[in-house]
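This note is meant for a colleague who is meeting the structure for the first time. Please read the numbered points below with the model open.

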Amino acid sequence: MSTTEDDKPATESQVGPTPEGQPDFHPYHHPAAGWGAAKSVTRFLVRERELVDGPRAILKMNHENGGFDCPGCAWPDDRKGLHLDICENGIKHVTWEMTRKRVGREFFAAHSVSELSEWSDFALEDQGRLTEPMTYDPESDHYVPISWKDAFELVGRTLQGLDNPNQASFYTSGRLGNEATFLYQLWAREFGTNNLPDCSNMCHEASGRALQASLGTGKGTCDLADWESTDALFIMGVNAASNAPRMLTALAEAYQRGAQVVHVNPLVEAAATRTIIPHDFKDMALNKATRTSTLNLQVRIGGDMAFLRGIAKAVLEQSASDPKALDREFIDRYTEGFEAYRELCESTPWEEIERQSGLSRKDILKAARVYRDADRSIISWCLGVTQHEHGVDTVREIVNVLLLRGNLGREGAGPSPVRGHSNVQGNRTCGIDHRPSDTFLDRLAEACEIDPPREHGLDTVGTIEAMRRGDVKVFVGMGGNFALAAPDTPYTYEALRTCELTVQVSTKLNRSHLVHGRRALILPCLGRTEKDEQRGGLQSTSVEDSMSMVHLSVGMKRPASKHLLSEPAIIAGMARATLPESDTPWEWYVEDYDRIRDSMAQVIDGFEDCNRRVRLPLGFRIKQPARELVFLTDSGRAEFSAAPLPDVIPEPGTLALGTMRSHDQWNTTIYSDNDRYRGIKNLRTLVFLNQDDMRERGIAEFDPVDITSTARDGSHRSLQGYLAVPYDIPRGCAAGYMPEMNVLCAIGDHSTQSDQPIMKHVKVTVTPSA
């Protein structure tokens with residue numbers, strides 16, 4: 001059970017499936033992937049009854065010729081022509097989309113919204129694919145069929161009736177392809193608003209802002225070839241085995257060729273130990289595992305910046321006796337602010353670095369030695385670094401460390417953020433940005449002959465707050481499950497219900513369809529595995545991976561329903577209904593997506609000649625000026641930052657809690673209540689705790705506990721009756737699953753640096769349940 005300070009229910013359903021047995025916990029000591037993944041996939045294919053189409057799809061996934069891109073993570077496709085460049089979670093994601101189950105008008109006639117609101121989120125998605133557009137009927141409390149024409153007219157009429165365009169907000173999840181993304185932002189901006197929140201606002205906004213400030217680019221500079229040639233990999237704040245499983249191949253290969261692999265994370269995840277790569281048939285046959293790390297450091301939650309400062313301090317101290325410890329030629333020629341940073345590092349005591357990082361000086365020096373001895377180093381990170389108050393400063397500290405030894409602009413070196421959802425980086429590249437640059441807007445205005453607004457729009461948190469106030473009256477969501485993914489669950493629910501109209505473009509039923517405005521639409525779209533036939537023939541869509549490679553994806557299955565439309569077609573239909581006098585050729589664009597890409601080539605830097613280049617083997621890589629040592633900063637150089645270390649030590653009696661996904665989960669989609677790599681079965685309502693912290697509080701394994709967060713404004717939010725699980729995690733730290741624990745993160749608790757919700761550093765108390 002969960003409550004807010006007003007003792008109201010904080011969530012409206014169980015998130016996961018009904019447990020199949022009693023909760024169980026046994027620490028996981030096996031290799032990541034390998035036979036465990038193979039067995040899990042087989043069980044999943046059997047459960048979903050996809051023993052024929054599932055394997056067929058697997059053989060088409062992530063193939064450069066005629067294949068479709070995995071709709072899961074954004075890890076780059078293999079460059080060696082692997083026939084099985086796949087992973088367990090990717091197969092589950094594709095199979096979940098290809099299900100034979102259907103949700104049509106008969107289903108909605110049999111179940112009211114009030115009834116469905118009591119269902120678990122697993123049960124909702126498990127009903128299958130949506131088949132036709134539906135609209136909410138308040139008199140019957142049911143969704144009822146609506147024609148596409150009438151649905152588009154409802155959107156257009158409602159938007160036209162607003163007092164101003166900024167009363168609408170247009171959200172994007174990371175599943176949207178580049179072509180649909182470009183049309184979506186074009187519609188919003190021609191309508192007159194930059195209210196374009198996206199999932200990056202909750203995940204990697206800190207990375208983009210930090211890299212932009214330090215290097216003049218909002219993206220990492222590395223590609224897969226760099227990972228294959230580097231001498232040292234530092235992997236920070238990421239659970240690769242679940243969030244980017246194909247990274248396991250890169251980690252194993254790095255270890256095998258003698259590279260150093262350092263994992264920095266509060267939990268020693270399965271990816272930081274050993275792996276058996278499923279497409280390595282010899283190792284599978286012999287059950288032979290390969291190590292994926294040479295050093296594991298369990299930093300305290302929020303202590304990554306202090307750890308990095310320790311590496312920098314050690315390198316600078318060594319440079320006094322060994323000038324080669326620093327790349328002074330690089331620093332002098334390409335950077336700004338080095339002396340101020342040097343003084344900051346020298347004035348930061350080792351005692352403070354140890355206290356804030358939770359690591360000993362000895363362990364930090366081990367990592368510093370790895371960094372100093374490597375000719376080329378990559379530092380990679382994910383949400384464990386970004387979802388903090390000081391996320392921007394921490395990512396800038398990553399760049400500081402790289403700059404000290406010239407680890408930029410050469411093969412095998414540089415910053416490399418690990419993006420999550422398949423095309424989240426492409427969304428930002430193609431215009432989903434509530435703070436667009438003047439250069440982008442100028443080119444958009446010239447190429448598309450519109451007058452886009454110039455004032456910044458609302459991000460995700462800003463949109464929720466504006467809906468709650470009544471300032472945003474229309475919410476359009478392209479994919480995702482916004483109601484469940486956002487922070488402060490009850491607040492977000494209330495905000496969505498305040499809207500005049502909510503529109504969800506989706507493939508499956510989810511919580512966001514049940515937490516809706518006074519009027520609501522469910523608009524079902526094609527999945528990435530499905531054929532997209534338009535007047536110009538079979539269409540392809542492009543996506544950008546986390547290392548700036550852009551490539552095509554072509555569906556291979558017949559659509560789940562004849563009534564489904566593609567995302568570009570749905571966007572164009574809503575746009576035409578909203579802007580009936582528009583000169584933008586919406587329908588012409590949808591006939592042939594090459595036409596959309598031609599316009600993208602005129603607007604987006606790096607997309608020049610993209611229709612030809614995207615059809616090359618593996619597509620094309622967007623040019624990264626910083627990789628060429630061209631820095632689009634005010635100084636024209638790479639900028640050292642000089643931020644003081646934040647105080648991340650929990651107050652007495654409190655813990656720092658970080659939310660995370662389980663292994664059998666992708667974003668808000670829960671496949672089961674198991675978390676194989678953490679040894680959990682049949683349980684999601686849990687909290688991982690340090691054993692000493694449990695003993696201090698009189699808590700034993702599987703004891704029910706209450707978890708209460710304290711927000712900046714002093715308000716409290718609680719989850720009651722969660723089960724305590726002893727885990728190898730630093731003292732003062734705790735962890736549990738999102739989206740269940742999103743309720744603990746108050747809407748006002750977002751970073752002042754990035755505006756991201758602070759999902760990885762929630763201040764909580766944990767006490768035995770009464």
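1. In the largest nonpolar core, which has 59 residues, L159, F170, Y184, W187, L523, M574 and F607 touch the most other members. A nonpolar core here is a set of buried Ala, Val, Leu, Ile, Met, Phe, Trp, Tyr and Cys residues joined through side-chain atoms within 4.5 Å; buried means under 20% relative accessible area (1.4 Å probe, protein chains only). Helix 8 (residues 178-191) gives the largest share of this core, eight residues. Helices are DSSP runs of H or I with at least four residues, numbered from the N terminus.

2. A second, separate core has 57 residues, among them A210, V299, I311 and Y334.

3. The model is predicted: local features need pLDDT of at least 70 and side-chain atom pairs pLDDT 80 or more, while totals for chains, interfaces and linings use all residues. Residues are numbered from 1 along each chain as its sequence is written, and side-chain values use heavy atoms, without hydrogens and water.

4. The structure holds 24 aromatic pairs (rings of Phe, Tyr and Trp, the last by its six-membered ring, with centres within 6.5 Å; planes under 30 degrees apart are stacked, over 60 edge-to-face, the rest tilted). The F330 and Y334 rings form a tilted pair, because their centres are 5.3 Å apart and their planes stand at 45 degrees. Both residues belong to helix 15 (residues 328-334), where being four residues apart separates them by about one helical turn. F330 is buried, at a relative accessible area of 7%.

5. Elsewhere, ring pairs join F107, F108, W119, Y136 and Y143 into a cluster.

Notes: Buried < 20%, exposed > 50% of the residue type's maximum accessible area, 1.4 Å probe, protein only. Helix = DSSP H or I, 4+ residues; strand = E, 2+ residues; numbered from the N terminus.
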